[in-house]
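Subject: Structure handover

Hello,

Please find the structure below, followed by notes on what was found in it. The cut-offs are given where each term is first used.

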There are 2 protein chains.
Amino acid sequence: MAPVPEPRETRRRPARRPTINDVAAAAGVSRGTVSRVLNGGHDVSDAAQEAVERAMRKTGYVVNQHARSLVTQRSQSVAFILSEPQERLFEDPNFNVLLHSCTQALAKHDITLLLTLASSLEDRKRLGRYLTGGHVDGALLVSTHSGNPLIPELLARGLPVVACGKPLGYERQAAYVAADDRDGARQMVTYLIESGRRRIGTITGPLDTSGGVERLAGYREALALDGADSPGLVAHGDYTRAGGEAAMRRLLEAAPDLDAVFVASDLMAAGALTALHRAGRRVPGDVAVGGFDDSRIATDTQPPLTTVRQSYPRIGAEMVRLLLSQIDGESPAAVIIPTELVVRESA
Amino acid sequence: MAPVPEPRETRRRPARRPTINDVAAAAGVSRGTVSRVLNGGHDVSDAAQEAVERAMRKTGYVVNQHARSLVTQRSQSVAFILSEPQERLFEDPNFNVLLHSCTQALAKHDITLLLTLASSLEDRKRLGRYLTGGHVDGALLVSTHSGNPLIPELLARGLPVVACGKPLGYERQAAYVAADDRDGARQMVTYLIESGRRRIGTITGPLDTSGGVERLAGYREALALDGADSPGLVAHGDYTRAGGEAAMRRLLEAAPDLDAVFVASDLMAAGALTALHRAGRRVPGDVAVGGFDDSRIATDTQPPLTTVRQSYPRIGAEMVRLLLSQIDGESPAAVIIPTELVVRESA
DNA sequence: GCCAAAACTGTGAACGCTCCCAGTCGTACA
DNA sequence: TGTACGACTGGGAGCGTTCACAGTTTTGGC
């Protein structure tokens with residue numbers, strides 16, 4: 001009788017991937033020595049070191065991360081969590097900058113960044129299980145609207161977490177890195193006042209984000225300080241271009257005589273410019289426009305935007321620093337990054 | 001002597017997270033029973049089931065994924081790999097659609113999608129280690145330029161991989177899902193010919209991607225079939241708007257009499273429209289423009305683009321299907337998704 | 001009321017690592 | 001020449017699960 005032919009799969013799925021024991025055997029040393037080589041090679045003779053390295057190459061050994069993590073309780077990876085409808089973020093050039101700077105900062109510590117999405121409730125549940133199951137050593141949170149249920153869950157599990165922007169409702173418990181939104185807004189509005197504007201409106205961000213709240217607060221502070229408080233000049237936007245355009249239209253209707261507007265993001269400011277243009281107002285001649293973010297958009301608009309710069313590379317670096325220190329057992333901290341007025345042509 | 005105060009950290013980092021044994025003890029059952037509850041609850045009495053569930057709630061138990069993965073050899077997660085400079089992809093609305101459809105399809109199997117970035121060589125190395133270390137059960141690859149060193153590495157490890165678009169150089173070894181680029185291009189160019197165009201140029205994608213190569217091949221096939229071959233009418237683009245604009249300018253210079261152009265992506269086509277407009281050509285009056293992708297951009301241009309639709313939701317779903325079947329031990333396969341001509345106003 | 005089968009339960013043995021301790025050398029110093 | 005110490009090595013124990021198997025109890029058919 002002919003032998004049964006070997007099933008096809010056998011070739012694709014090697015019976016067993018080499019373990020540390022296979023390497024040890026091939027190198028003629030013990031498991032312990034191989035492990036030492038794997039972890040920095042302290043207290044290993046040159047001969048052993050070389051034998052192990054050769055054996056690893058020969059066997060094609062790759063460490064089994066699960067086995068390692070099981071004992072070290074570390075996974076050498078952290079999650080970068082988007083719990084926002086994705087499109088909005090991907091559209092934002094600043095998001096790319098932040099993502100990139102976090103990746104770089106983590107790379108220095110040989111930690112992999114995992115970008116995870118959670119748009120639906122279902123997603124969020126699975127993600128919660130994933131994160132608290134020990135898959136990652138910590139989490140970086142962006143776009144933290146208040147009421148994000150992931151925050152308390154991770155906090156309760158003791159998973160190190162750092163938010164980008166004040167996590168409304170958890171400022172005391174979760175670490176975060178935020179730009180000095182209030183001061184930036186104050187700088188901008190003060191600048192508008194100093195350049196002679198008297199009827200200054202604002203388009204805010206969503207008021208369930210700290211950026212939305214704080215920038216509005218800064219606007220109010222600057223105006224109250226100068227006794228030029230002007231209620232009714234506030235319109236709410238949602239950080240989108242279309243939202244900014246619509247808000248600007250409302251503002252023009254409610255206060256046709258306004259001569260300046262502080263917009264809480266560059267993208268919304270771009271929309272506001274469109275609305276002003278359609279309404280026949282010149283910028284900055286009739287109406288001065290101030291943005292926020294100093295994103296790539298700011299230089300692409302006509303005219304280029306006077307705006308408030310927040311350094312995303314720095315924010316990313318600080319987030320990573322805070323996260324790593326928490327992973328090392330430090331208690332959570334908050335960092336506020338200063339903001340800076342950038343004068344261009346729109347104001 | 002006063003006792004040394006307990007260090008602060010103790011509160012934040014609970015001494016030990018509860019294990020399956022703690023749950024078993026609290027529920028008055030054995031480890032095995034708890035495990036059975038964890039894995040579907042087969043062969044577990046109602047009383048035991050309930051006792052275990054109560055114990056899990058009481059102890060705040062969460063399964064340790066590393067321990068589980070160590071024995072099951074599965075991590076219930078797959079990587080979605082971007083080895084491209086990120087910005088380009090994030091700008092592409094189709095990318096979002098693909099990402100979303102993959103996430104959804106995986107969610108049905110309770111598998112988490114991990115988006116990983118690898119722009120630099122260094123990144124790629126770390127990512128290689130991460131992936132082959134057993135962290136993920138498989139990988140989805142997008143934007144696969146030929147010469148991506150990650151592909152052979154993952155293949156050699158036997159990690160299930162599915163590429164989006166033919167992975168040039170590894171078509172035989174790696175599974176992939178691709179739109180029928182060649183046929184789509186053929187349809188478009190045939191349509192241009194049939195509507196009476198005679199001097200038909202093309203703007204290609206990068207020729208180290210299968211989309212670039214195949215769409216050009218389709219263009220050539222359609223023209224050769226009709227004996228209307230027109231060498232010199234080919235310009236190369238890079239899938240960006242600016243690249244499309246520049247390529248169109250070159251085309252106009254080399255062949256001022258062209259009356260149609262097939263552009264290998266909608267984004268480049270949008271750039272081409274700008275160039276044509278600047279050159280004073282009317283579309284479609286003087287020059288017909290055909291795009292590819294049917295992305296969101298296609299309806300935003302002036303005039304809206306006649307283009308070739310490839311269904312990204314379907315591509316994502318198929319990628320996941322192929323990946324899961326490979327994880328189950330099937331051998332890699334290729335799937336070609338049909339493309340469809342969408343006639344709008346630009347041609 | 002008996003017996004086989006089904007339903008349920010507990011336990012030892014992995015899974016592949018790291019950590020720690022005990023041990024074996026060789027070397028420098030008294 | 002003895003001894004202490006450092007450099008290096010080997011192997012047991014344990015990380016928290018799942019799995020297979022051997023039990024024990026319950027059920028159902030005759």
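The surface near DNA strand C is made up of eleven nonpolar, ten polar and five charged residues. Here Ala, Val, Leu, Ile, Met, Phe, Trp, Tyr, Cys and Pro count as nonpolar, Asp, Glu, Lys and Arg as charged, and the others, Gly among them, as polar. In this predicted model, local features need pLDDT of at least 70 and side-chain atom pairs count only at pLDDT 80 or more, while totals for chains, interfaces and linings use all residues. Residues are numbered from 1 along each chain as its sequence is written, and chains are lettered from A and ligands numbered from 1 in the order in which they are written.

DNA strands

Around DNA strand C there are 26 residues, the closest being A:I20, A:S35, B:S30, B:G32 and B:A48 (near means that the C-beta atom, placed from the backbone, lies within 6 Å of the molecule or strand). At least two residues each come from α3 and α5 of chain A and from α3 and α5 of chain B. Helices (H or I, at least four residues) and strands (E, at least two) are DSSP runs, numbered from the N terminus. α5(A) has the largest share of this surface, with five residues.

DNA strand D is surrounded by 26 residues, and the closest are A:G32, A:A48, B:I20, B:S35 and B:N64. The elements giving two or more residues to this surface are α3 and α5 (65-72) of chain A, along with α3 (31-38) and α5 (65-72) of chain B. The most, five residues, comes from α5(B). By class, the surface near DNA strand D has eleven nonpolar, ten polar and five charged residues.

Helix pair in chain A

Helix α2 (residues 20-27) and helix α3 (residues 31-38) of chain A have axes that come within 8 Å and cross at roughly 105 degrees. Axes are lines fitted to C-alpha atoms, for helices over the stretch in contact, and angles run from 0 to 180 degrees between N-to-C directions. α2(A) and α3(A) are therefore roughly perpendicular to each other (65 to 115 degrees; under 35 counts as roughly parallel, over 145 as roughly antiparallel and the rest as oblique). On the α2(A) side the contact is made by A:I20, A:N21, A:V23, A:A24 and A:A27, and on the α3(A) side by A:R31, A:V34 and A:S35. Two residues are in contact if their C-beta atoms, placed from the backbone, lie within 7 Å. The residues of this contact are five nonpolar, two polar and one charged.

Sheets

In chain A, four strands form an open parallel sheet in the order β7-β6-β8-β9 (strands pair if DSSP finds at least two bridges between them). Its edge strands are β7 (234-236) and β9 (288-290), each pairing on one side only. Neighbouring strands are turned by 15 degrees against each other on average, direction ignored. Strand β6 (residues 200-204) and strand β8 (residues 260-263) of chain A pair in the parallel sense over four bridges, and A:T202 has A:F262 in β8(A) as its bridge partner. Helix α10 (residues 181-194) of chain A lies across β6, β8 and β9, at about 170 degrees to β8(A). Helix α13 (residues 266-278) of chain A touches β6, β8 and β9 as well, and its direction makes about 150 degrees with that of β8(A).

In chain B, β1 (residues 77-82) has six of its six residues buried (buried means 20 or more other C-beta atoms within 10 Å of the residue's own, exposed 12 or fewer, partly exposed in between, with C-beta atoms placed from the backbone). B:S77, B:A79 and B:I81 lie on one side of β1(B), and B:V78, B:F80 and B:L82 on the other. β1(B) pairs in the parallel sense with strand β2 (residues 112-117) of chain B over six bridges, where B:L82 is partnered by B:L117. Five bridges join β1(B) to strand β3 (residues 138-142) of chain B, also parallel, and B:A79 stands opposite B:A139.

A buried residue in chain A

A:I315 is in helix α15 (residues 312-327) of chain A. A:I315 is buried, because 23 other C-beta atoms lie within 10 Å. Its contacts, leaving aside neighbours within four places in sequence, are A:L98, A:C164, A:V177, A:A179, A:Q310 and A:I337. A:I315 and A:C102 are 213 residues apart in sequence but 8.6 Å apart in space, C-alpha to C-alpha.

Regards
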